[in-house]
Protein chains: 2
Amino acid sequence: MDPSEFRRSGHALVEWIADYLSGSEEYPVLPRVAPGDVRAALPERAPEAGEPFEAIFDDFERVLVPALTHWNHPGFFAYFPATTSASGVLAEFLSAALNQNAMLWRTSPAATELEEVSLGWLRALLGLPDDFEGVIYDTASISSLHALAAARQAAVPHVREQGLAARSDLRPMRIYCSEQAHSSIDKAVLTLGFGHASLRKIPVDASFNMRADALRNALDEDTRNGVTPVAVVATVGTTSTTGIDPVAAIADLCVDRGIWLHVDAAYAGVTAMLPECRQYFSGWERADSIVVNPHKWLFTPFDLSAFYCRRMNVVREAFSVVPDYLKTAEGNAGVRNLMDTGIQLGRRFRALKLWMILRHFGAERLRDILREHIRLAQQFAADVDDHPDFERLAPAPFATVCFRANPRGIALTAPELERLNERVLDRVNASGEVFLSHTRLNGAFAIRISIGHLRTSGVHTARAWQLLVEHTAALAAAR
Amino acid sequence: MDPSEFRRSGHALVEWIADYLSGSEEYPVLPRVAPGDVRAALPERAPEAGEPFEAIFDDFERVLVPALTHWNHPGFFAYFPATTSASGVLAEFLSAALNQNAMLWRTSPAATELEEVSLGWLRALLGLPDDFEGVIYDTASISSLHALAAARQAAVPHVREQGLAARSDLRPMRIYCSEQAHSSIDKAVLTLGFGHASLRKIPVDASFNMRADALRNALDEDTRNGVTPVAVVATVGTTSTTGIDPVAAIADLCVDRGIWLHVDAAYAGVTAMLPECRQYFSGWERADSIVVNPHKWLFTPFDLSAFYCRRMNVVREAFSVVPDYLKTAEGNAGVRNLMDTGIQLGRRFRALKLWMILRHFGAERLRDILREHIRLAQQFAADVDDHPDFERLAPAPFATVCFRANPRGIALTAPELERLNERVLDRVNASGEVFLSHTRLNGAFAIRISIGHLRTSGVHTARAWQLLVEHTAALAAAR
C-alpha cells in the first residue's frame with residue numbers, strides 16, 4: 001500500500017471508528033443473521049489480483065458489520081461485558097504498526113520494560129505487595145494454565161524431566177476449586193495431563209461461595225488416602241454469580257499445607273482498586289499467583305490478562321527453554337527475557353495499551369466508573385427484589401445480577417418456569433436494544449445481567465429492566 | 001475520550017504511522033539503550049488524574065521509540081523477520097475498535113465465519129486438501145501445543161478423564177522431532193506433562209534435515225521396549241537453518257503405525273503458495289495437523305497462527321468444556337463455536353487482518369514478494385560461496401542463510417574463529433543499519449541472515465554483505 005493510500009484509508013477509518021465508538025447504540029446488539037450467512041456472501045477463493053482498501057472496506061460494511069455482535073453497545077449486558085476504549089484502540093493501532101515481538105529484551109526493550117512498569121502500576125492500584133512479579137498473557141485461560149503448571153512443578157519437581165507417567169511411586173495428584181469455578185480451570189487441568197478426575201470441585205454455600213470447611217475436609221480426606229494436593233483455585237468473582245470464595249480462610253489452609261494457591265480474579269480483580277471492595281480480596285496477598293484481566297473490566301481491548309506470581313522462578317523452572325539461536329549477552333547478564341515465563345514465544349506489545357489506558361483515564365476516573373457500574377447493578381438488584389413478579393437467585397456483590405421472572409398468582413412447574421424465563425430472555429434479546437445471557441443455579445435457569453460497559457448509563461439498565469418487566473407481563477398474560 | 005479528541009489523536013497517529021511504515025529505515029534497527037533505561041524514565045505509580053492523549057504520545061516518542069527494536073526496518077534480518085503491512089495495521093485498528101470475542105458463534109458470527117473463510121482461502125493457496133479444518137491461534141507455540149494434546153488424546157483416550165499418572169498399566173509415551181526442531185515443541189511436551197525425557201530428538205543429516213532412517217530405528221527400538229510413540233513433529237523450515245525434514249518418508253512411517261504427524265511449517269509454510277517450492281511439502285497432505293504462521297512471512301501483524309487439522313474432532317475431545325453459561329441454541333444446532341477447539345476461551349478478531357491482507361495484496365503479489373525474498377537470499381548465499389573469507393554452514397532452501405567468516409591465510413583455532421564471528425556480528429549490528437542473529441551448528445557459531453521484510457530490497461542485503469565483508473577484513477587485519 002503506498003503511503004497516500006494508507007493515509008487516505010487510515011483517516012477514513014478514524015472517522016468510521018469515532019462514529020462507531022460513540023454510536024454503536026444504533027446497531028442491534030445481537031446481529032440478525034443466520035448461521036452461514038457470512039460464509040455464503042463471500043467468495044470461495046482469495047483473489048489473484050490485489051484490491052484497493054476501499055473495496056475491501058465496502059465489503060466489510062456490507063457483509064461483516066451486519067454480522068457483528070456489538071460488544072461495544074452500551075446495552076451489552078451478557079457474559080462479562082468487555083469494553084474497549086478510545087485510548088486502548090489507539091494503542092492497538094500503534095502496536096500493530098510497531099509489530100514488536102517482546103520474546104527477548106533485545107527484541108524489544110521498550111515492550112519488555114513497559115510491561116514491568118505498567119504491571120507495577122496496576123499492582124499498586126490493586127494494593128498487591130511488590131513481591132508479586134507480573135507478566136502479561138493473552139487470556140485468563142493461559143494465565144491459569146501457567147499457575148497450575150507452576151503448582152505442578154512445585155509439587156513434583158521431577159515432572160519437567162520425567163513427566164507425570166514415568167514414576168510408579170508417584171502419588172495421585174489433585175487440584176481443588178469450587179463448583180462455580182470457571183471452565184478454564186477444567187481446561188488447564190486437562191491440558192496439563194492431570195485428568196479431569198483430578199479436579200475436585202468443592203461445594204459452595206447458599207451464596208455460591210466455596211465452603212472453606214468443605215475444602216478442609218476434602219484436603220484431609222485426600223491426604224489420608226495418599227493423594228497429593230497440588231493447588232487450590234479460589235475465585236473472587238465467579239462467572240455465573242460473581243461469588244467470592246473465602247480467600248483468607250483458603251489461604252490459611254494452603255499456607256499451612258504448602259499447597260499452591262491461585263486466585264482467579266479475572267473479572268472482579270479490578271475492583272480491588274476500590275477501598276470499599278478491598279475486603280473481598282482479603283488474603284490474596286498470601287496467594288502464590290493471581291490473575292486479573294484488564295480486558296474484562298478495565299476498558300482494554302482484547303487481549304490482555306495480567307498474571308501476578310510470588311514464585312515466578314517456579315514458572316521459569318517449568319517453562320524456560322533457551323535454544324542457541326535465542327541466547328543473548330543481556331540474557332546472560334541477568335536481564336529479564338519475557339519468553340522465559342511463558343509457553344508462547346511470540347508476544348505482542350500489549351503493555352502499550354495498559355499504560356496508555358491507565359494514564360489517559362487516571363486512577364481516579366477508573367475507580368469512579370467501576371463504582372458507577374456497581375451502583376447501577378445494585379439499583380437493578382433492588383428493582384428485582386422490589387418487584388413481585390421477579391426473584392433474585394444470588395447475591396450481587398459486584399455488577400452482575402442473577403434473577404428470574406416468577407409471576408405472582410400463576411402456579412408454574414419448574415420446567416414451565418424455565419421455559420417462561422427462556423422466552424422472556426429470547427424476546428428481550430430479540431429487541432436488539434440489549435443482550436443479556438443466562439446461567440443455571442442449583443439446577444434453575446437464571447437470567448443474568450452484567451454491567452461493565454464504559455458507555456452504559458442508568459438509561460440502558462432501566463431499559464433492560466423495562467423490557468424484562470413488559471415481556472414477562474405479556475407472556476404471563478398470554479397463559 | 002470525547003469523539004473530537006479521538007478524531008484529532010487518531011488522525012495524528014495515521015500520519016505518524018504512515019511516516020513510520022515508509023520511513024523506519026531512519027531509526028537504528030537495534031536501539032541504543034541499556035537495560036533499565038525505559039523503567040528509569042517512567043514514574044513508579046499510575047497518575048491519579050487522567051492525561052490528554054497528546055501528552056501520553058509525547059512520552060511514547062520520547063521514552064519508548066528510542067527503545068524499540070525496529071522489526072519494521074528493512075534491515076531487520078534477525079530470527080525470522082516478522083513484518084507488518086499497511087492493510088494488516090488498518091485491520092488491527094478496526095479489530096481493536098470492534099472488540100469482538102469469538103468464543104461462540106453468537107458472540108461474533110462475523111469473526112467466527114470469517115475465520116473459516118479466510119483460512120479456507122489460505123488453505124487453497126497452500127494446496128492443502130479441504131479435509132483440513134482450520135482454526136486461528138495466537139502463536140505456533142499454542143498451535144503445536146494443541147497438536148500434541150490431540151495426539152495424546154488420540155493415543156490414550158482415557159487421558160482426558162484420568163490423566164497421565166493414574167494408570168500403572170500405561171506404557172511410557174514418546175514424542176519425536178529432529179534435533180533442529182523449535183523450542184516450542186519442547187515447551188509443549190513440558191506443558192502436557194509428558195516430561196522432557198519423553199521427547200526423543202532424532203539426528204539430522206549433513207543438511208540438518210531429520211534422518212527418516214534414524215526415525216524408523218528409533219520408533220522400532222522404542223516399540224520393542226514397550227514405549228508408545230504418540231506423535232512425530234516434522235519441520236519444514238527449521239529455525240536455525242530452515243532445514244526440511246523428509247515429510248513424505250516420515251508420513252509413511254506415521255500412517256503405517258498410526259502415529260499422529262504434526263508438521264511445523266510455521267516459517268516456511270507460506271512458500272507452499274509457490275509451485276517451485278511445493279516439492280518441499282510433499283506428504284504434508286497426509287499429516288494430522290499443520291501449523292503455518294501468517295505473522296511470520298505473510299505480512300500479518302502479531303499475532304496470527306493458522307492451525308490446520310484433519311482430525312479436529314480429536315482436538316474437541318481433548319478440550320471441549322461447555323459450562324451452562326456458555327450453552328446456546330446455535331451450539332445445540334451444530335453451529336461451530338470456536339471455543340470448542342481451544343484452550344483459550346477469549347479469542348480476538350484475528351481473521352479480519354488475514355482476510356484484508358489476502359485481498360489487498362492478492363495471491364499473485366504475495367507469491368511475487370516471497371519469490372523476491374528467496375531470490376535475494378540465493379544471491380546472498382552465492383556471495384558467501386564466492387568469497388574466499390567466508391563459508392556457508394548450511395543449505396539455504398528458502399530466504400535464510402547460515403554462514404561464518406573464516407578469513408583465508410589466517411590459522412584460527414575453533415574458539416578464535418568463534419570469537420571473530422561474534423565480534424563481526426556485534427560490529428555489524430552496532431551499525432544500526434542491519435540486525436542479524438546467530439545460531440550454533442554442529443557446535444560452531446554461525447551468523448544467520450533471514451530475509452522476509454516487505455520493504456527489504458537488494459540495496460539492504462547488499463549493504464549487510466558489505467558490512468560483513470568490511471568488518472571481517474578490519475578484524476582480520478588487526479590480528
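**Notebook: chains A and B of a predicted model**

I began at the contact between the chains, which takes 129 residues from chain B and 129 residues from chain A. Contact here means that the C-beta atoms of two residues, placed from the backbone, lie within 7 Å. On the side of chain B that touches chain A, helix α1 (residues 3-23) of chain B gives the most, with 14 residues.

Residues are numbered from 1 along each chain as its sequence is written, and chains are lettered from A and ligands numbered from 1 in the order in which they are written.

**Symmetry**

I laid chain B on chain A: a turn of 180 degrees and a shift of 0.0 Å along the axis give an RMSD of 0.0 Å. That is the relation of a two-fold axis.

**Chain A overall**

I counted 17 helices and 11 strands in chain A. These are DSSP runs numbered from the N terminus, helices being H or I of at least four residues and strands E of at least two. The radius of gyration of chain A is 24 Å, close to the 23 Å from the globule rule for 479 residues, so chain A is as compact as a globular protein of that length. The radius is taken over C-alpha atoms, and the rule is 2.2 Å times the number of residues to the power 0.38. Buried residues make up 61% of the 479 in chain A. Buried means 20 or more other C-beta atoms within 10 Å of a residue's own, exposed means 12 or fewer, and partly exposed lies in between; the C-beta atoms are placed from the backbone.

**Strand β7 of chain B**

I found 5 of the 5 residues of β7 (residues 305-309) of chain B buried. Ser305(B), Phe307(B) and Cys309(B) point one way, Ala306(B) and Tyr308(B) the other. Strand β1 (residues 133-137) of chain B runs antiparallel to β7(B), with 5 bridges. Strand β6 (residues 289-292) of chain B is also antiparallel to β7(B), with 4 bridges. Pairing needs at least two DSSP bridges. Ala306(B) is the bridge partner of Ile136(B) and stands opposite Val292(B).

Most residues other than glycine have a negative phi, and most peptide bonds are trans. I looked for exceptions. The bond from Phe302(B) to Asp303(B) is cis, with omega about -5 degrees. Asp303(B) sits in the loop between α11 (294-297) and β7 of chain B. Asn99(A) has a positive phi of about 50 degrees. Asn99(A) is buried, with 28 other C-beta atoms within 10 Å. Asn442(B) also has a positive phi, near 50 degrees. Asn442(B) counts as exposed, with 10 C-beta neighbours inside 10 Å.

Key
Predicted model: local features only at pLDDT ≥ 70, side-chain atom pairs only at ≥ 80, totals over all residues. Least-squares fit on C-alpha atoms with pLDDT ≥ 70 in both.
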